[in-house]
Amino acid sequence: MVHKKGMKQFWLLFALVGLLMLLAACSGDDTKDDVATNVEGTEADGTPEEPAKEDGLSGKLEIQYFVGGYGDEWWKQVIGDFKNENPNLEIVEHAGPNINTEMNTRWISNNPPDVVYIDGAGANETQMIAEGQLMDISDFVKDLKMEDGTPLLDSFISPAEEIDGGKIYSLPLVFDTWGIWYDSNWFKENNWAAPTDFDTWLSSMEQIKVETNIAPFITTGQHPQYFERGVLNPAFAAAGGEQFLNDLRNGVVEAWQRPEALEVMKKVQKMADAKVVDPGFAAYNHTQSQMNFLLHKNAYIPVGFWLPNEMKNDTPSDLEFGFTPTPMNEPGEPLALVPDIRTIAVSEKAKNPEAAKAFLEFIFTEKYAQDFAASTGAIMNLKNVDLSANTNVPEFLTGINDMINNPDAVQLYKHHTPDAEVQKIAVEITNEIKLQLIEVLLGKKTAEQFIDIMTKKSQELRK
Amino acid sequence: MAQSAKQRYLFLAFCLLPTFLLFLVFTVYPMLGGLYYSFFEWSGTSSVKTFIGLDNYVKLWNDTIIKQAIFNDFFFVFVKVIGIMMLSLFFAVALTQLRIKEAPFYRIVFFFPNIMSVVVIGILWQFIYDPSIGLVNSFLMKVGLTEWARPWLGDMTWVLPSIAIPAIWAGIGLFMLLLMGGISNVPKSLYEAADIDGASEWQQFWRITVPLIWPQIKTSILYIIITSLNGSFVLVQVMTGGGPGSASEVMGSYLYQRAFEDFQFGYGAAIGVLILVVSLITVLISQFILKKEKVEY
């Protein structure tokens, strides 16, 4: 009897342990999911932070930032400086190339970090705004001023986006943009001129092809968005303006039926017909295509500002980066640039919003804009920052900065954030463009066929 | 006796329970979770979810890319089953029945890809297929077949066979070993008797070897089908990302794109359910086709 009773107790205990294991595994507590993140402090415990004290900020401030082609040197510096100014504040960094995925469970469980830099795979600002994850900071930013007294909102190259009648959910931190890169040294050696419009670009590519027997243009076929953002969007903007560009991306049927859309695609078809596009482009990922460019297997590549920094370890010493906004414009018209702004925001559920806002205020200064250019080879989204005297800034960047700040040379076109419903259409349109683009560049589809498919897709989505 | 049987069952249940619990937690629960999420519109990045019933499945029904992906998945299943089984059977027979001194060495060589990560295999073959520096095009040019050289992974016609080759290459070793085990267990006396009766080697292979290792062949085919339907994704993602266009898209890569790049997690979950259903149906059909009486001599 004793034995039987003991066995019963044993099975009861065993079943209880099993049940507990099951419950633990099925529970919604996701706070332990970000163990892979770069944490310089303790884990968030979900309890509200203490309010800021008079002698500086205190409590804990969690910052999430993506580390990609621009590295993390700048972030380490500004966070370190902010910490020095606020010794009572504990700063927890969540950073890395996969940080958006790693922090996903925190966002899903409504326990996000306080500050988020929105960049990299797995981050989508439109989605975050639509789902109420970002704080409306309109009132806060309207009062912010630069050191010289200029309102911060007037100091951006590409302005902060106002949604739903003036609400601001993020600040435009990094002025990224796509354009065409070439090797200035190589061009000088061969007396090749940098293009200024589509005609000069195409003739330049034809000349390079004849003289070197290479296909001058390379892009990654595995990630067609490089061509879409780097060539097609500036081309659409140059042909029909900002509204036209946004309408096309948002699947407005009438926009796809406008003659400008076909004209742009005819230019793309001309590139394919002239066989200036690398025949192997469809097989390459972005790194392979960038390597081929550095090795002079090609002469032009559409990539964002991060290219020199991302490829610095593989760049031959005699290569000098040259950059131009994509020359898809007509002769005599300004070059078109569509900025791809990377923003920073405060999460709606921030536990230390005061420190988060203070951090945002802290980073928008000329000093950090200079440091950003020096450490990343890219531009912080602040106007009138003179990089010419900064010896740590690469030469190509000084030229780009001057160009961007000169409205006569370059026309900036903005891609507006659509509302949540239109965003769904925009995703499908982008996917369709990516699919069809490859076939046009491979010479398997004509410009007319492309426009026809996109028009039908837009009609289907807008039904 | 009854008491003893009961205790034995209890002991077996005790041994199986942890595995069963793990199976529930890590297999059944996520599967049910996937099914649940497939009825929602959900970005997968916030707690906001909207119940939309069967809308994701209706969208799936009208999606042309998923049809292409299913076709591509079955292409991989078909060529992998044929390619892997033929080659692994050939090498298994060669290494067991022909007296090759270096057989142990070849066993290691053939098995080697199985210990490599699929990602590494994908990158390795990307280099082999590279249009400008790749081995394949260099070889073709060296032997005067310049017009045959092409961007293999960027060619819409050739991309699927180009991915299938490393998939077959990486799969041979494991199944070769499995079949070798089966062949080693076939009694030598059967071959000796067949020799005396004047049966050719080909006849011995079809009448003795294949029937007696049928359980291993069947297991191998089923395993290739299951792993191909669920596992082609990694190789495709690394080598082509589903491109050019959607030429090499498989259900797994499309799921990844929709769920994690387009932030349509609910739709991705519906694709996941589709993969499960397609896999189950395929395995059931395969089991029915491969059903054969066990042969004993």
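Predicted model: local features only at pLDDT ≥ 70, side-chain atom pairs only at ≥ 80, totals over all residues.
At 52% relative accessibility, A:E421 counts as exposed, because the cut-off for that label is over 50%. The side chain of A:E421 meets that of A:K424 in a salt bridge, with 2.7 Å from N to O. A:K424 is partly exposed, as its relative accessible area is 32%. Both residues sit in helix α18 of chain A, which covers residues 420-441, and because they are three residues apart there, about one helical turn separates them.

Helix α18 also takes part in a pairing of another kind. A:K457 and A:E432 join their side chains in a salt bridge at 3.7 Å, N to O. This pair links distant parts of the chain, as A:K457 belongs to helix α19 (residues 447-461) of chain A and A:E432 to helix α18, 25 residues apart. Both A:K457 and A:E432 are buried.

Another bridge in chain A brings a helix and a strand together. The side chains of A:R106 and A:E62 meet in a salt bridge of 2.8 Å, again counted from N to O. A:R106 lies in helix α4 (residues 104-108) of chain A and A:E62 in strand β1 (residues 59-66), so the bridge ties together parts that are 44 residues apart in sequence. Over all chains, the structure holds 22 salt bridges. The general idea behind them is simple: side chains of opposite charge can pair when their charged atoms come close.

Stepping back to chain A as a whole, the count is 19 helices and 10 strands. Of its 463 residues, 56% are buried. Among contacts in chain A between residues at least 6 apart in sequence, 75% join residues at least 24 apart. Chain A exposes about 19,600 Å², and carbon and sulfur atoms supply 51% of that area.

Chain B comes next. Its secondary structure amounts to 12 helices and two strands. The C-alpha atoms of chain B fill a box of roughly 80 × 75 × 30 Å along the principal axes. This chain has 297 residues, and 44% of them count as buried. For contacts in chain B with a separation of 6 or more, 69% are between residues 24 or more positions apart.

Helix α5 (residues 118-129) of chain B gives the largest share of the patch, four residues. B:V118 is found in this helix, and at 37% relative accessibility B:V118 counts as partly exposed.

Terms used: Residues numbered from 1 in each chain as written. Chains lettered and ligands numbered in written order. Heavy atoms only, no water. Buried < 20%, exposed > 50% of the residue type's maximum accessible area, 1.4 Å probe, protein only. Contact = heavy atoms within 4.5 Å. Salt bridge = Lys/Arg side-chain N within 4 Å of Asp/Glu carboxyl O. Areas by Shrake-Rupley, 256 points an atom, 1.4 Å probe, with all protein chains shown as cover.
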